[in-house]
Amino acid sequence: MSVRPELFATHLSIENFRGYGRLDLEIPPGPCAILLSGPNGLGKTSLFEAIEWGLTGTVKRLDEVAGGRIDARELLRKGSGADRFEVRLAFRDRVGKEERVTRTQIIPATGAPGNSLGTDVASVADLLRSDESRWSVGSTNISDYLHLTHLHAQVARLRLVTFNAKQRWVRVSPLAGAERFERVRLNLTNAKGAMSRLRDEREKELSFALERERTWSEKVARFSQLQDLRAAAGQIISPGEVLNRVYDLSLRHGIPVAGLQSVTEVTLVDAIGTIREFRIALEAAQRADQDRSLTIQGLRATPSQYAAAQAERDAIAPTIAKLEAERTDVSAQLQSYTESVGRLRAASDEAQRVRDRASARHALVTAAVRDRADVRRVEGELAEAEAAFTAAQGALEEADVGLRRKREEVEAYDARIRTREEVRGHLVATTAAIRALDERGATRRAFEAEEARNRLLSESLHDVQQRRSAVATELAGKTELLASVQEEFASVRSLTERLQQAVVVVAEHVAHEDTACPVCRTTFEPGRLRSLARESLGVVEPRIREFEGRITALREEQDALRKRELALKADERKADADARNSSESLSQLGKRISELNAHPLIAGRPEPEGTAHVTALRTQQSGELARLDREIAEIDTDRLRQAHLDLSVTGEKLRSDRAAAHERRNARQTRLEEVHARISQRHAEQPDLDTTEQRLGLLLQAAASGAALASEAADNAAAALANARAAEENAMRVLATTKEREDEALRRQQSSAASMTAMRERWIASSLPEPIVDTVLDSTNESIAQRQRSRDGALRNLNELSGALERWKGTSDLQALDLELRSEQGMAQREEHTKHLGAAVLQAQAAFETAKRARDASDELSDALQRVATDYGERALRPFDALFRRYLRALVHDERFHGIQATYKGGGARSASLRFRVDLAGSDTDAELILSEGQLGEVSLAAMLAASATFPWSRWRALLLDDPTQYNDLIHATALIDVLRNLVRRAGYQVIVSTHDGEQAAFLKRKFDAVGVPWIDCRYTGLGPDGPLISVTSRLEQPQVATAS
Amino acid sequence: MDDSLPDLAEALEQELRARAMLYGWTAVTNPQLVEAGNASLMTLLAALPHSTPPLPPRPPPRFRRAIELQPSSLNLLVCGLDDADFIHSYTSALWWTGQARVAIPPGKRSDLHLFLIAPTGTRDSPEWHGRRSEIETDERFCRKFVWLPSAAPEPAEIEVLLDRTFLAQPWDANSAQPTALDPLERLVSDEYKGDLLTREEARDWLARLGTIDAGGSPQLAEDLVAILERSS
């Protein structure tokens, strides 16, 4: 899909809108500035409102003043008598495609006006919407969008969308639709409470419907029951009789019922109550017997367990006595083992000490023998190392001599190479000098040629200036002549016209027979006067045409002279530029010649001496270079360098060998000294070791034997000690085992006794007599079973009495109940009524569920709005804030306020709105409390310009600014104007800006002129019968400005 | 005079030239303005606003530059301020600016701008901040900008300075991420993913909630529930 190009307004037409009768304003189709200047009250603001109304069908300021949508009749020009007003806007895109927006409002003679006619707002939104923009907009809030990025109203509270007038500066929102967004959030919050109440009401309605259904069901069931009773046949017993029978049962079963004897006049309620009480008492007695039976059941195993525990306790006592005796024996044995171990440990320790001393003596003698052997071996190695070092020294000296000779040869070769490079360098310098000489000659020639050209150009410039002066003089003469001719023509024409009028009068009033002139009273022959008048008519016209012809010719001559003067001016500028260029070239050439003259080889040597000197120098240097080349070529450099390299390597190896031999010799020497030192030290410690080698051998044998004997004795002592320890440990293990067995027997005995005590306590607690045997349990169980069977019979009797009593009651109430239920509405058609109530329940159920879903959905929607607000803050407001602060820097002079931030609360109730805050002296303060009205105006403008750049939703990039600098000083007004003209030049905006200050209007035009911004000035001069009187001037061609890259 | 003044002026001039290129202008030295100084005191006083006090004659600043941005009518003057004798250095600059202004043809005087360079290390000086504020609000002759360089001036400081001048270009909004301008439209179009409302129900709800005259909370709640009843 092709992208639609950007749009420019080209025409604005207003008819009978507000103060305007008729206005047609042509706008250049491109970036430009349109200036509306003039005193207050002449219609500047109305022009902005006309554009707003034309595009959106509303005027936001007037809507707010009216407290809603303004009556269209208020927009019609007062006193015009018209039945409609209209605004038309024409646009053209970059490729020339025309678009039009027309809006007409018809005002009927009677009744309220209808909707405006023409282009609908959705089409306007579609026309303006940019395809390229990433900021999609809908048509719902086109007015908000325009106020966000295009329209800056004069009234402060309308500068951006605000929440209320009081906070107009504190919290402004740059977001088209944010007001609606906040309204949705607020309404949703308010609706939540109402929805909760609605849900609760519907829940009550549902409960009510369910209750009605339940009550109805109960009544129907009761009615059926009564019918069943009526049909039932059976014994009917009166309450008094029932009471007597219950009394008998009470006596028979020994269960007293409170108040049974005190009843004198028996009622149905008394009888039912007595039955209920007796039944409760009877059932309680049954439950008590059941519990007792269960308890006895639980004690069924107790007699046998008790007998077993008693037998076990009695059997363990002899075992315990036997184990106690065994333990006493083993303790005595252990005491004797422990004493033996102590004695053997002392003997073993002594044997160990003897073995250590013998081993030390053996090791000492062994070391002395080894030292003697080391001395002999190291002395031999030292003699070998001495010989090797002497040989390496000789070889190295021989190699050094050869290496020195080769090094001298290589150095001689390198010296030749360096000399050759020096000669080459001299030769290059000499060649450069020759080139410089050539260039100096050529430059000098060029200088002379340019000098001649410069003279010619100066003459040419002078000539052109002379000619232009002559033409200017001639033009002045012609202008003067034209003025005199025009003056003459004016007087002639005046006279001629008067004459012509007279002649016409004469011609019209003089008849053929008249002889006296009515003008001069001269008498003529009959017919002569009339013919003279007619002739005069013919004479005047050619004379006037003649004058006009002369004037036309003079004007043409004047134009031709002006054109010639212009052409000569162009020639003069060109000649002047050529002369300047030529002078510049001359200067550069002269400078180059001076530079060349400063060359060291030719400085101070004029031609041809300089050339001869340098040429001779080059010949000499070339010969020297050739000689060196030959000498170097004769040397076999590869072989020379290889030999030098080989000798160097050999020398290094020999040097390394010598160092190694020297090191070995030193090491042997050191080793020998160490061995001698060790022998001396040992001799000092053990004087008897310093003997001959034979004596050392005998000492070594004796030490070895002593060490072996001591070792054997120590081993034997250790073995005896180990055996004694094993016997002791075995006795300890036996003692421990015996003790454990004894403890276990005691525990079992105590456990049996405790078990018997517990069983006896449980038996007695169950009210059972001792002894603890099975026969006691059996007899108790039997008596309980007999009582239960008897009470079961009593319960059956009681049920029969209740049934009889119920029947007695049914027969007495039957008539009354039948009457009551049959009077119930719908009982006759109770099936239909039941269905009807069921349907009502279903309906109430559905209504409740919908209300509940709505309430839950409101929470869900709140969460979704919250998420959108948070995300929107990040995506829309953060870039806006960055740009806003850049605009602040450019617009607000005072740097203390550059820290104003457009902040927003992520996720808060006002997350889609802005607060302008100032960080001043370390404290965070509302901008409203700090800034002046003028500064707040700058903040507002910065916010709008930032919004325009941040949200480029429209392909009509325009700013409509109604008196934006009304509160500003010169510095701040200048800053704004600088930004605006840059927006026109660099960002392609169309700017419509108004001011009531005439001096500022002139200043604006000068500022626009300074950078070549095309402008139209609509100067409001007063009010006429058709509305504002506007004088339009423009400067649309700005040739001095280059196209910005 | 601060020894680093020529270097700072050179750096500023380079950045000015680069910015001017963006507008299609070429910066050339204007020797006529550098040497301006023949206007009489009376001529100069006539160029001042009526309320300003007379300016005593001063020699022009020793270091000064004048640049013309061609082919526009913009003239820029550059000179330094002295810490030791601040008043003298500023009045000298002002005197020279007045002379230069008189030398410019009357129709082109609206775009004369004076750049004043303070000594290095004054960026964080409260005293110099006060001086800067005083100078930049001075309406005599032309608009003025004061650069307070740090101890080791960086090109970014010049960027910040020029962002406050007629060469600012605060309209680049490339960092903005795309989204709908109307957050509600976004919500209805692609953001609402709730379990309890269908997208159509959500749209109807938002339309009802967005009406200016909600008609009271009970009525609003009734209407919202009615939307769900109709849809089901």
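Guide: Helices here are DSSP runs of H or I, at least four residues long, numbered from the N terminus. Just after one of them, α17(A), Gly988(A) takes a positive phi of about 70 degrees. Keep in mind that this is a predicted model.

Visitor: How do you know that the span of helix α17 of chain A agrees with what it should be?
Guide: At 1.5 Å a residue, the 18 residues (970-987) should span 26 Å, and the end C-alpha atoms are 25 Å apart, so that agrees.

Visitor: What makes α17(A) mostly covered?
Guide: Of its 18 residues, 16 are buried.

Visitor: And what caps the N-terminal end of α17(A)?
Guide: That's Asp969(A): one of its side-chain oxygens lies 3.3 Å from the backbone nitrogen of Ile971(A). The cut-off for a polar contact is within 3.5 Å.

Visitor: Why are Phe17(A) and Trp53(A) called a tilted pair?
Guide: Their ring centres lie 5.9 Å apart, with 35 degrees between the planes. Pairing needs centres within 6.5 Å, and under 30 degrees would be stacked, over 60 edge-to-face, so the rest is tilted.

Visitor: What does that pair tie together?
Guide: Phe17(A) sits in the loop between β1 and β2 of chain A and Trp53(A) in helix α1 of chain A, so the pair ties together parts 36 residues apart in sequence.

Visitor: Why does Phe17(A) count as buried?
Guide: Buried means under 20% relative accessible area. Phe17(A) has 0% relative accessibility, so it counts as buried. Trp53(A), at 3%, does too.

How values were computed. Residues numbered from 1 in each chain as written. Chains lettered and ligands numbered in written order. Predicted model: local features only at pLDDT ≥ 70, side-chain atom pairs only at ≥ 80, totals over all residues. Heavy atoms only, no water. Helix = DSSP H or I, 4+ residues; strand = E, 2+ residues; numbered from the N terminus. Expected span 1.5 Å × (residues − 1). Buried < 20%, exposed > 50% of the residue type's maximum accessible area, 1.4 Å probe, protein only. Polar contact = N/O pair within 3.5 Å; in protein donor to acceptor, adjacent residues only side chain to side chain. Phe/Tyr/Trp six-rings, centres within 6.5 Å; stacked < 30°, edge-to-face > 60°.
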